[in-house]
Amino acid sequence: MKWFKHSVLLLFLLIPGFGCAHGPHSGSSSTSSGLPPSYERVVVASSPDPTPLDSPEVSPKFEIGKTDNVPDSPAALASPEIPSNSDNMNLDYVEEEKTPEKAVIADPLEPFNRAMYHFNDKLYFWALKPVAQGYGKVVPEVARVGVRNFFSNIASPIRIVNCVLQARFVDAVKELGRFAVNTVWGIGGLMDLASDNAVNLPKQDADFGQTLGVYGLGQGFYIHWPIFGPSSPRDTVGLIGDMYLHPSTYLFETDVLIGIKAYERVNSTSLSIGDYESLKDAAVDPYVAIRDAYVQYRLKKIKTGGGKPAPSGTGGAISPAITEDPPAAGVEGEK
């Protein structure tokens, strides 16, 4: 009978898929095994004194070299069962994360868009950034934050009207209350008292391009405008619509209005120098990174419009060029 047992054991070791690269009687210290690939996600932590395979701490349900516990169906191989006593085996189970589906946009004007991206990029590094750095050294940060709050507060009509157009009536009331609190008690909006926990009136994110998207208008194709940065036909129309809702449009002449917007951009950039540089340094292709970030950001804004929840994993403040109050993007606009 001994020769029969040895013959069966030798046969199991020689047939691929049944044998193990090392068994209880092997002198090798390698951790590789003949198990199916799906089981290789279970990683045994190495230690100077590995537990023998015949030790009672090893679960009989997951014994190396056994084949009666190895699932043979594709579904089982895709989702291997972890032994109930895996805590005693000191195992790490690595989950495969699901990557959320990315939104895409047509880019038929890529040569033009890339040229405009490089134009804005040079304008940022050669003009806007040096001016913003000098301005930041002269004006204290608390004053610059107050200026940013003021510009955000005066743009409240844009958010109020678009909340109403999106049937977000509760948000419209909140934004109206926020405007009243910051204007009266926040010294014309220089202080953002409405965002304090005691008041709890955060700024509502709404613009006309978002409103058009909520009503079902597609974004079309990608456009990278000089000065204004990433956009689309829908958001370009939205930008024009928001301009007519901004009070400064009716208070100042065009040349004065341009100067005001330039100062707003310099002040905003002075508070976030380095953000755009970080994005550019981290990206293999900064143009593609900004384009994709812009699409994801606009998708999130439309999903949140009309009270719809935003999908997880879609961020907005990835690119400083696409936030409503951009921390940095050179001369690139809010959309």
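Mentor: Start with Asp-235, which makes a salt bridge to Arg-234, with the closest N and O atoms 3.5 Å apart. A salt bridge here is a side-chain nitrogen of Lys or Arg within 4 Å of a carboxyl oxygen of Asp or Glu.

Trainee: Are Asp-235 and Arg-234 buried or exposed?
Mentor: Both Asp-235 and Arg-234 are buried. Buried means under 20% relative accessible area, exposed over 50%, and partly exposed in between, with a 1.4 Å probe and protein chains only.

Trainee: Before we go on, what am I looking at?
Mentor: This is a predicted model, where local features need pLDDT of at least 70, side-chain atom pairs count only at pLDDT 80 or more, and totals for chains, interfaces and linings use all residues. Residues are numbered from 1 along each chain as its sequence is written, and side-chain values use heavy atoms, with hydrogens and water left out.

Trainee: OK. Which residues are in the salt-bridge network with Asp-235?
Mentor: The network links Asp-205, Asp-207, Arg-234, Asp-235, Arg-298 and Lys-301.

Trainee: Which salt bridge does Asp-207 make?
Mentor: Asp-207 meets Lys-301, at 2.4 Å from N to O. The two are 94 residues apart: Asp-207 is in the loop between α7 (169–184) and α8, and Lys-301 is in helix α13. Helices (H or I, at least four residues) and strands (E, at least two) are DSSP runs, numbered from the N terminus.

Trainee: Why do those two count as buried?
Mentor: Asp-207 counts as buried because its relative accessibility is 5%. Lys-301 counts as buried because its value is 4%.

Trainee: How many salt bridges are there by this rule?
Mentor: The count comes to 15 salt bridges. Another one to look at is Lys-129 with Glu-277, whose closest N and O atoms are 2.8 Å apart. Lys-129 lies in helix α4 and Glu-277 in helix α12, so this pair ties together parts 148 residues apart in sequence.

Trainee: And their burial?
Mentor: Lys-129 is buried, at 17% relative accessible area. Glu-277 counts as buried too, at 12%.

Trainee: Switching topic. How many aromatic pairs?
Mentor: Nine aromatic pairs. Rings of Phe, Tyr and Trp (its six-membered ring) pair if their centres lie within 6.5 Å; planes under 30 degrees apart count as stacked, over 60 as edge-to-face and the rest as tilted. Take Phe-125 and Tyr-276: their ring centres are 6.0 Å apart and their planes are at 45°, so the pair is tilted.

Trainee: Is Phe-125 buried or partly exposed?
Mentor: Phe-125 is partly exposed, with 28% relative accessible area. Tyr-276 is buried, at 1%.

Trainee: Give me another ring pair.
Mentor: Tyr-222 and Tyr-294 are also tilted, with 6.1 Å between centres and 55° between planes. This pair links distant parts of the chain, 72 residues apart: Tyr-222 in the loop between α8 (208–214) and β3 (223–225), Tyr-294 in helix α13 (residues 286–304). Tyr-222 is buried, at 0%. Tyr-294 is buried, also at 0%.

Trainee: Which residues cluster with them through ring pairs?
Mentor: Ring pairs join Tyr-117, Tyr-222, Tyr-287 and Tyr-294 into a cluster.

Trainee: Last one. Where is Gly-134?
Mentor: Gly-134 is in helix α4 (residues 110–138). Gly-134 is partly exposed, at 34% relative accessible area. From Gly-134 to Ser-270 is 136 residues in sequence and 8.6 Å in space, C-alpha to C-alpha.
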